[in-house]
Structure formats: structure tokens, C-alpha cells
Amino acid sequence: MKEAAQHNTQNDCWVVIDGKVYDVTEYLDEHPGGDDVVLAATGKDATDDFEDAGHSKSAREIMKDYCIGELEPSSPILPELDISKVKPSTVATNKLMDKALQYWAVPAAIIGISVVAGLLYLRKK
């Protein structure tokens, strides 16, 4: 994957889709979405980007002409991500506060309206 990531220019462009490496340098000018879409997909596994675009069967056939190899199975396709976790107590507290505001808003509004209506009623007498 590191080697494929190094080929990320308009004059030398490789894309990785489904574990296969494609040299799409010659196809950049012909790509219907423009070369910038393809260049943005270099240096990473572009499988999701490719699938999300909804490519046709004919596009998949054209791909076969540009396949230059496959990734080594031992190399990780995606880099390790550093994921931080939110403390569960913080999430639970936020949800509890949201619920408390929801349940107290309606009774508080009813009481406020009742007080205003009572004052207006007493004022008319």
C-alpha cells in the first residue's frame, strides 16, 4: 500500500480498489468525473469511494485494462486509527439532562400559562 500511495500525481497515478492496484494515469483525462476525483482517491483504499459512486458494469470492464497487480495479503489495507472513547458517564449525564429538560419544559409552560391566565382573570374582576 505504501508503494501505491507514492504514485499520486497526474503523471503517475495508481488507485487501490478491492485489494487490486490500478495504474489509471492514462485514463485520468477520460474519467467522466474528472481527474481530481481519481487523484483524491490515491494513497488509500478507494474501494468505498468507488462503490459509493455507483460505477456501471462497463466501468468495471474498463478497470481490467488498467490492473497492474494486487496488494500483498500481509500488508494492512487501512492504516491503524487512533480512536478515543467518550466516557460513558458523560454520555449518560448528557442524555439524562436532555430528558430532564424535555419532561420539565411542558409542565413549566403549563404552569406559566396558568399563572398568566389567572392574573388576567383577576384583573378583569
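User: How many of the six residues in strand β2 are buried?
Analyst: β2 covers residues 12-17 and is mostly covered; strands here are DSSP runs of E, at least two residues, and helices are H or I runs of at least four, numbered from the N terminus. Buried means under 20% relative accessible area, exposed over 50%, partly exposed in between (1.4 Å probe, protein chains only). This is a predicted model, where local features need pLDDT of at least 70, side-chain atom pairs count only at pLDDT 80 or more, and totals for chains, interfaces and linings use all residues. Residues are numbered from 1 along each chain as its sequence is written, side-chain values use heavy atoms, with hydrogens and water left out, and the buried count in β2 is five.

User: Which residue of β2 is the bridge partner of Asn-8?
Analyst: Strand β1, residues 8-9, runs antiparallel to β2, with two bridges joining them (strands pair if DSSP finds at least two bridges between them). A hairpin takes the chain from β1 to β2 through two residues. Asn-8 has its bridge partner in β2, and that's Cys-13.

User: And on the β3 side, which residue is the bridge partner of Ile-17?
Analyst: β2 and β3 (residues 20-23) run antiparallel, joined by four bridges. Ile-17 finds its bridge partner in β3: Lys-20.

User: Which residue in the hairpin of β2 and β3 takes a positive phi?
Analyst: That hairpin has two residues between its strands. The positive phi, near 55 degrees, belongs to Asp-18.

User: Over in helix α5, is Leu-119 buried or exposed?
Analyst: Helix α5 spans residues 88-124, and Leu-119 lies in that helix. Its relative accessibility is 55%, so Leu-119 counts as exposed.
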